[in-house]
Amino acid sequence: MTFSVLLNLAAALLLLGFLYSQQRRHASFTVRVFTALGLGVVFGAALQALYGADGAVIKTTGEYLDIVGSGYVKLLQMIVMPLIMVSIVAAILKLRDAKSLGKISALTIGTLMATTAVAAAIGILMAKLFGLSAAGLTASAAEVARGAYLEGRLADAQAISLPNMILSFIPANPFLDMTGGRKTSTIAVVIFSVFVGIAAIGIADKKPDLFVSFDHAVKVAHAIVMRIVTLVLRLTPYGIFALMAQVVATSSYADILNLIGFVAASYCALLLMFGVHLAIVAGTGLNPLRFAKKILPVLTFAFTSRSSAGAIPMNVQTQVQRLGTPEGIANFSASFGATIGQNGCAGIYPAMLAVMIAPTVGIDPFTVSFLLPLLAVITIGSVGVAGVGGGATFAALIVLSSMNLPVALAGLLISIEPLIDMGRTALNVSGAITAGTLTSRVMGETDLAVFDRDDAGEDIESDPTPA
């Protein structure tokens, strides 16, 4: 380890120490999150200015920062499956109504898929307004390699069909799915948990003693899991600092400027779609500005981590403690939203790519005969996109191959992929929260006292379980 790396790590430790001092002074969660974000940007920019984006010092420093950043994401992923299972089983035991469960699922999935179609339309509009086209773009060695990689994955994308995807949701081996071993494991665990909850309700009258024992066991498990969630969420500012520092330190500003049109169009589309989410919330009678303020911390984490699945625990906590959404609905929307109908990764991104690439093979992308099938393919193809890094790539492969467009050209965007993916992931999580909020309001379950309180859940990592 060189002196430069030691100096960088010492500086990082000092900044992490400052974040810890904020926690000791009981600064609000939101303040600590945005302080961490700002410090990460400044530290990452300083590293790049000193050593260059591709320098060996940057790489070694990044490996140590990764212990904090990726380590935090792994801890969140660790608690996703236990959180989903105990929360959904507990919610069903409390609900005691299978019909309500069906309505919650239908509303949540319907909202996610409908908003994905809207997101795709917005992506097409932005591509038109910015005049985006893949024609004339030159490819470096890295971009050619990326194109070859995408072509290598084409067979997997072409093998995907809606019936097969729906079948993949069924947990043939729930213990495998609890390990996250499949792309659709999250949904499979949701379905298994629903079966467990419904089965438990079925013995409530026949074997009341056993039901009481099971209900108590679930409450104990739920309290323990929520305590683990609390402990992990306390690490959020440190994780955001490390993740953001790495992204900024390794970004190529020259490549970003070269593709600034796509970057600008993407973020305009993302912001416009976020406005659609706020409009939906306003349509339910809730204050959209208050909603935006309360979900900013979880969107910040999603932005820096680029993991919709990793954001599930904070997503659930935000909906329950800040927005007044019941825990069962919050878990359904967060879990489904990490796999189905991702507005950013499965909506805007593949739509913009298809419109960009179509002219290279002599297709006018702004004809009805192209746009209607494109919107249908994107909406249906959004089912089952994995809520982890790379999900957008797979969604693009499904759409481009279905529209008979060359997939290798998507590799031209590899240099700006991390920058675009941050915004896409934040929008995915916003869409999941919006679906949960809408479902909760339609079902008449939202706790308005929690939503309207300015201090509700300000310390999101505080323990929500009784002492």
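Guide: Welcome! A helix here is a DSSP run (H or I) of at least four residues, and helices are numbered from the N terminus. The model you are looking at is predicted.

Visitor: Is asparagine 404 buried or exposed?

Guide: Its relative accessible area is 67%. The cut-off for this class is over 50%, so asparagine 404 counts as exposed.

Visitor: What is the phi of asparagine 404?

Guide: Most residues other than glycine have a negative phi. Asparagine 404 is not a glycine, yet its phi is positive, at about 60°.

Visitor: And arginine 306, which loop holds that residue?

Guide: Arginine 306 also has a positive phi of about 60° without being a glycine. With 25% relative accessibility, arginine 306 counts as partly exposed. Its loop runs between the helix at 288-305 and the helix at 312-321, that is, between H14 and H15.

Visitor: How are H1 and H2 oriented to each other?

Guide: Helix H1 (residues 3-24) packs with helix H2 (residues 29-51), their axes 10 Å apart. The angle between them is about 170°, and their crossing is right-handed. Angles over 145 degrees fall in one class, so H1 and H2 are roughly antiparallel.

Visitor: Which helix gives the largest share of the nonpolar patch?

Guide: The patch, about 460 Å² of surface, is made by Leu75, Met78, Val220, Ile224, Ile228 and Leu235. Two elements give two or more residues to the patch: H3 (56-95) and H10 (208-233). The largest share is three residues, and its source is H10.

Visitor: One last thing: how far apart in space are lysine 128 and valine 355?

Guide: Lysine 128 sits in helix H4 (residues 98-129) and is partly exposed, with a relative accessible area of 49%. In sequence, lysine 128 and valine 355 are separated by 227 residues. In space, C-alpha to C-alpha, the distance between lysine 128 and valine 355 is 8.1 Å.

Technical notes
Residues are numbered from 1 along each chain as its sequence is written. This is a predicted model: local features need pLDDT of at least 70, side-chain atom pairs count only at pLDDT 80 or more; totals for chains, interfaces and linings use all residues. Side-chain values use heavy atoms; hydrogens and water are left out. Patches are made of residues with over 30% relative accessible area and no salt bridge: like charges are joined within 9 Å, nonpolar side chains (Val, Leu, Ile, Met, Phe, Trp, Tyr) within 5 Å. Accessible areas come from the Shrake-Rupley method with a 1.4 Å probe; for residues, only the protein chains shown count as cover. A salt bridge is a side-chain nitrogen of Lys or Arg within 4 Å of a carboxyl oxygen of Asp or Glu. Axes are lines fitted to C-alpha atoms, for helices over the stretch in contact, and angles run from 0 to 180 degrees between N-to-C directions. Angles under 35 degrees count as roughly parallel, over 145 as roughly antiparallel, 65 to 115 as roughly perpendicular and the rest as oblique. A crossing is left-handed if the near helix is turned anticlockwise from the far one by less than a right angle, and right-handed if clockwise. Buried means under 20% relative accessible area, exposed over 50%, partly exposed in between (1.4 Å probe, protein chains only).
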